[in-house]
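Here are some notes to read alongside the model, written as numbered points that can be checked one at a time.

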Amino acid sequence: MEQTMKVSSLYRKELKRSLIGFGIIPVAIILLLFYNLFFVISYQILNENTYNEGKKVGDELLLKFSQISAQSVNLAKEIDINKLEFNSSYRQEMYGKLYNAVNEQKLNSLFSVINAEGDVIATNWIEEQDDTHKNAIWYLNKRLKKGNPSGSLMYPNRQLLKNDRVFYNIANAIYDEQGQVTGYIIFNLLENKFRQQMNNVHYTDIVISDQFENSILTSNEMLLTQAGKLRAVDEHSYITKQIKILNETIEVHAILYIGLLTKIYKIGLVTLISMFLLITIGTIFFANHSTRKKMQSIDQLLKIITRAKRGHFNQKVKFEKEDEFQVIGEYVQQLLQDIVRLMKENNESIKRSAQAELKQLETQIDPHFLFNTLENIRYITKTDPGKAERLIVILSNLLRYSINNGMQFNRIEADINYLRDYLTLQQIRFGDALDYSISVQEGTERYLLPKLIIQPLVENSIKYGFQSKADLKIDIVIKSNKKAMYVIIRDNGEGIEKERLKELKDSLLVEENETNHIGIHNVNRRIQLLYGKRYGLRIFSEEGIGTLVIVRLPIIKEGS
């Protein structure tokens, strides 16, 4: 019953594993992959768009600055400070060109033409400039001392107006015919017009700064520190792209806030995982509920098989549910009934066959032993008739014991007495050249063992032990433990060659003996026929040293 429940439980677990492993998990992995892929692609698109927006502002800024710079360079070459200051017609002409340049810029920038002392000669400023131009003269002269630039002088300028603010200046020096600086033309760029350009950027904040990250212009004051520098932003919440223009003197920072996207990603991921956990729990519940009904017939079938494994073949189980397992169950029960019938027939056949084989093996031992003994008597009769007579008496006792078909099992003490008679017979033949000892563990004398199990093994030791040695010692030990009884036969004879030992061991593994090792094979075969393959002989031998045979037998007490 326990094993049936275990198999049923394994089936339910396997079904749940299949539903989860081949249904939920692949879908979960695919959805999570697509979910993450969607956000990765979205991030890449936003990343690229942020760069493009920053690039667009940078390109527009560079275009305007280049345009104004070109106008400033051309005008600086045309303007004569003295004429502009004292010649009204020339002054009117240059004012027209200055206003045309501003109109072409479409930025409503301010312009100023100042002399070397910082006095304003021409301007479109409405508000008072205070010392702005004197400071500009000082700064521009300082810049010129560092080298005569090939283009315009560009620098940030933060000057507040009533309705606007100046954020950048583009200036060019005005030279006389001798190459002396007589003044400057300065275009003051206004913030509002440039801010309109920046406001056309979608979802992206723009910060224009110098190379030291000092803000020049920004679309979001929150991105600046109190000192007017670009604030450090969290790279997990913002995408930042930097575009450098004008020899890297101006940096355009495009900054996109993606904190909301990150939050949506995290919330969505948690939602997906929670959903799959709920689906998994629901699947397990459904699998348990579904398999509990579907497994009724399987459980009944498993019970039949489990009871059959324990030997209960006569079973009549009625299936409550009509399905394919009912057909299988009825067929299995019919098979079990056929098995019961066949087992009875086979047991009777095997029993008869085993008894016939045992009788055959016992009859093989008797003539084999008798032939060897008669050969000994024939030999001794010629040399010592008295000894031959003693041999005949002992032989008659041995034959009486061996041909007693009424006894298949004997007590150990009876078999040992028979063995002593046999060894006495052999000592008469070999004299002092043969020595033996028999040791029986106390308490084992009344144990039962098959008749003529030990004698053929001792006979084998004598037969092969004297081949090249003058003396032979045989030790017979019988002992037992809680699991089995052991008969140990050890001799110091010639030993067995490796090839012949392998042949002998191989003969013990087969039922039909095709070698000339009749005695040893018959003993092993009888033991295994009686008790099974857990019992039998093991042989160890080393050439020139001796042979050891261990016989393992079950413990069978008299009367059991």
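1. Helices and strands are DSSP runs, helices of at least four residues and strands of at least two, and they are numbered from the N terminus. With that in mind, N108 lies in the loop between helix 3 (88-105) and strand 1 (110-115). Please remember throughout that this is a predicted model.

2. N108 and N192 are 84 residues apart in sequence, yet their C-alpha atoms are 9.5 Å apart in space. N108 is partly exposed, because its relative accessible area of 46% falls between the limits of 20% for buried and 50% for exposed.

3. An open sheet of 5 strands has the order 11-13-14-16-15, and its pairing is mixed. At its edges are strand 11 (434-440) and strand 15 (536-542), each of which pairs on one side only, while the twist from one strand to the next averages 10°. Strands of a sheet pair through backbone hydrogen bonds, either parallel or antiparallel. Strand 11 and strand 13 (residues 472-480) take the parallel sense, over 7 bridges, and S439 has V477 in strand 13 as its bridge partner.

4. What packs on this sheet? Helix 10 (residues 455-465) does, touching strand 11, strand 13, strand 14 (485-491), strand 15 and strand 16 (546-553), with a direction that makes about 160° with that of strand 13. Helix 10 is largely enclosed by the rest of the structure, because 9 of its 11 residues are buried; among them are L457, V458, I462 and Y464.

5. The count of salt bridges comes to 10. In one of them, E93 and K97 have their closest N and O atoms 3.8 Å apart, and because these two residues are 4 apart in helix 3, about one helical turn separates them. E78, E93 and K97 are linked in a network of salt bridges.

6. A salt bridge also joins K502 and D506, with the closest N and O atoms 3.0 Å apart, and these residues, being 4 apart in helix 11 (residues 498-507), are likewise separated by about one helical turn. K502 is exposed at 54% relative accessible area, whereas D506, at 36%, is partly exposed.

7. Finally, I30, F34, L37, I41 and I45 form a nonpolar surface patch, with about 480 Å² of accessible area together. F34 belongs to helix 1 (residues 2-78) and counts as exposed, at 55% relative accessibility.

Terms used
Residues numbered from 1 in each chain as written. Predicted model: local features only at pLDDT ≥ 70, side-chain atom pairs only at ≥ 80, totals over all residues. Heavy atoms only, no water. Pairing = 2+ DSSP bridges. Axes fitted to C-alpha atoms, helices over the stretch in contact; angles between N-to-C directions. Contact = heavy atoms within 4.5 Å. Buried < 20%, exposed > 50% of the residue type's maximum accessible area, 1.4 Å probe, protein only. Patch = residues over 30% accessible without salt bridge, like charges linked within 9 Å, V, L, I, M, F, W, Y side chains within 5 Å. Areas by Shrake-Rupley, 256 points an atom, 1.4 Å probe, with all protein chains shown as cover. Salt bridge = Lys/Arg side-chain N within 4 Å of Asp/Glu carboxyl O.
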